[in-house]
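Please look over the sequence and the model, then read the points below.

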Amino acid sequence: MTELDLKTILRRCQDGDSEAFARLYDEFAEKLYRFIFFRVGHKEVAEDILADTFIKAWQKIAQVNSPEALSGWLYQISRNNIIDYYRVRKESVPLEDVEDFLEDAINPVDTVSLSLDQANLLKFVKELPAEQQAVIKYKFFEDLSNEEVAQILNKTEGAIRVIQHRAVLRLKELTSKQS
Amino acid sequence: MPNDPHQFIEEMIQSAKKRQDVSVWLRHPETADLAKTVLKLTSLPRRNVELPNLAKIQERILAKIESQQESKESAWSHIPSFLKIGSAIFGSFMIVVSLTMGVAVAALQSVPGQAIYPLKKIVENIELRLTPESKVPALQIQLADKRISEIKTVLEQQKSGEISEEQAQKIVSATVKDLQRTTSAVAKSAGKQAKPTIVNKLTDMSNELKITSVNTEGSVKIEIEKAIQSTEDSTAEAIKNVQEAGIEIEPQPVLPDAVTASGKITSSTFDTISIGTAKFLINQDTKFVNLTAKDLKVGLVVDINGVIKDNKTYAVKISVILSTPEPEEPTEDKPTSTETPTVSGTETNVETDSTESPQ
């Protein structure tokens, strides 16, 4: 979907056009479902959170100022819904971990088919500070944009680039040391 | 390393993700290790996620937001109760006036697409508001049945060339949305009033829609399939609600390809039998209970168990209910079974061959 399409669709959604909202759903549902599923690890729960995300998005779509902000905004709603889900469950997961970095319930990387090199790299990712880990996971394992990551982590895009830069340099150091 | 190292790494990541050539960075001693790290990160195998039925979730979302919109738009939710009563009285008065003028009568008989149809919806909404809460589910079921009947009428109009496929799709789409809202409301009432019979009614509607969908195609078929799906969802919700209300209910399996219909035969040939718009093909596997193939006559009241195969509906079992064809007695306020065949799904489905009389 082009930016122009997205702009038109956003405007139509803001005018109360549910058909346009259905197109918006088609555009983002799959990516958001993956994002939610990796964090709750349960199909039905992820489906419910996805539905709730879009219902809330519909109610508050007037708040979105630009089409560029839309995707990140949807992720932010998903993130808040996931946090609510864990709040209700009051699991043993420390809530601050969930709130800050949304720990994965399921690893988005297929760890079964890793080469030795890749397994080592993944091990090094786990050694990074939590914030850097989160950015690497979102950017590389889930293909999120800087804008989307910024919205999820409540930071600016510039801050995400800085964190990403530090994380990649640190991983480079760790892999060089090992080899 | 360039002046803006953050931007530089970002560009490298984007190139690696897009599988573009990064050999320049790999060759350069200052950037080689960095490029290797980025390449390794982008090449990590991803876990395959089995996606759910996203279309079904979409329907759920759209149904919800449309019901929210409706309640938002409804002035009833904002006005004080004395005004509601006043409006209801005024509405009733208007109905009486309209009835005397014949307008409301015409409206109640209108079908979607006609200019007078919106008045029918207004009359129905007023009727819903004036109905005691205990009788609302029954009225909602009646309204849902009306919507199905209207869909059939629109399909007939399309078939006869009165309206184009595009027009039919638009009208059916709007009617299906209305039907979805009604069946969803019915499902909720099933729990509130603990009425397991609602489950059977919803199952019947699914079956009727399945029969209707057989002879459709293209965008119209998609719309009807949406209605089938949402009616099945409402059935599941109704079962859950009834069970939560403490009533044991045997979930009636909705077989994806099984349909049944009951009513007067409206046409019959050596290899087809129709009840209204529900047309079944007869083949060598069709079983006849209490009658033979030769006995099939227009006006005979029968139960037909059918199966949908290759987009055609085959009659598996035909059982006679009334052995003598009844004279046609159409009345204005009570539709004949020809007009609205009762499609009863599961009760007849559970019959076994042992219950059949010898032919």
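Read along its sequence, chain A follows the pattern α-α-α-α-α-α-α-α-α. The model is a predicted one.

**Chain A as a whole**

- Chain A has nine helices and zero strands.
- It is made up of 179 residues, of which 50% count as buried.
- Among the contacts in chain A with a separation of 6 or more, 63% are between residues 24 or more positions apart.

**The interface of chain A and chain B**

- On the side of chain A, 52 residues are in contact with chain B, and on the side of chain B the number is 36.
- The two chains bury about 4000 Å² between them, and carbon and sulfur atoms give 66% of that area.
- Within chain A, the residues that lose the most area to chain B are Tyr25(A), Phe140(A) and His165(A), which together make up 16% of what that side buries.
- Five salt bridges are found across this interface.
- Glu10(B) and Lys139(A) form a salt bridge, with their closest N and O atoms 2.9 Å apart.
- Five elements of chain A give two or more residues to the side that touches chain B: α2 (18–40), α3 (43–60), α6 (116–127), α7 (130–141) and α9 (157–178).
- Of the elements in chain A, α2(A) gives the most to that side, with twelve residues.
- Sorted by class, the side of chain A that touches chain B holds 27 nonpolar, twelve polar and 13 charged residues.

**Salt bridges within the chains**

- Over all chains, the count of salt bridges comes to 22.
- In chain A, the side chains of Asp52(A) and Lys56(A) meet in a salt bridge at 3.2 Å, N to O.
- Both Asp52(A) and Lys56(A) belong to helix α3 of chain A, where they are four residues apart, about one turn of the helix.
- Asp52(A) is partly exposed at a relative accessible area of 31%, and Lys56(A) is also partly exposed, at 26%.
- In chain B, Lys146(B) and Glu124(B) form a salt bridge whose closest N and O atoms are 3.8 Å apart.
- Lys146(B) lies in helix α8 (residues 136–159) and Glu124(B) in helix α7 (residues 117–130), so this pair ties together parts of chain B that are 22 residues apart in sequence.
- Lys146(B) is partly exposed, with a relative accessible area of 27%, whereas Glu124(B) is buried, at 2%.
- Glu150(B) forms a salt bridge with Arg147(B), and their closest N and O atoms are 2.8 Å apart.
- These two residues, Glu150(B) and Arg147(B), are three residues apart in helix α8 of chain B, about one helical turn, and both are buried.
- Shared partners join the salt bridges of Glu66(B), Glu124(B), Lys146(B), Arg147(B), Glu150(B), Asp178(B) and Arg181(B) into one network.

**A strand pair in chain B**

- Strand β3 (residues 272–275) of chain B runs antiparallel to β4(B), and four bridges join the two.
- Ile273(B) has Phe280(B) in β4(B) as its bridge partner.
- Strand β4 (residues 278–281) of chain B has a covered face made up of Ala278(B) and Phe280(B).
- Its uncovered face is formed by Lys279(B) and Leu281(B).

How values were computed:
Residues numbered from 1 in each chain as written. Chains lettered and ligands numbered in written order. Predicted model: local features only at pLDDT ≥ 70, side-chain atom pairs only at ≥ 80, totals over all residues. Heavy atoms only, no water. Contact = heavy atoms within 4.5 Å. Buried area = accessible area lost by both parts, 1.4 Å probe. Salt bridge = Lys/Arg side-chain N within 4 Å of Asp/Glu carboxyl O. Nonpolar A, V, L, I, M, F, W, Y, C, P; charged D, E, K, R; others polar. Buried < 20%, exposed > 50% of the residue type's maximum accessible area, 1.4 Å probe, protein only. Pairing = 2+ DSSP bridges.
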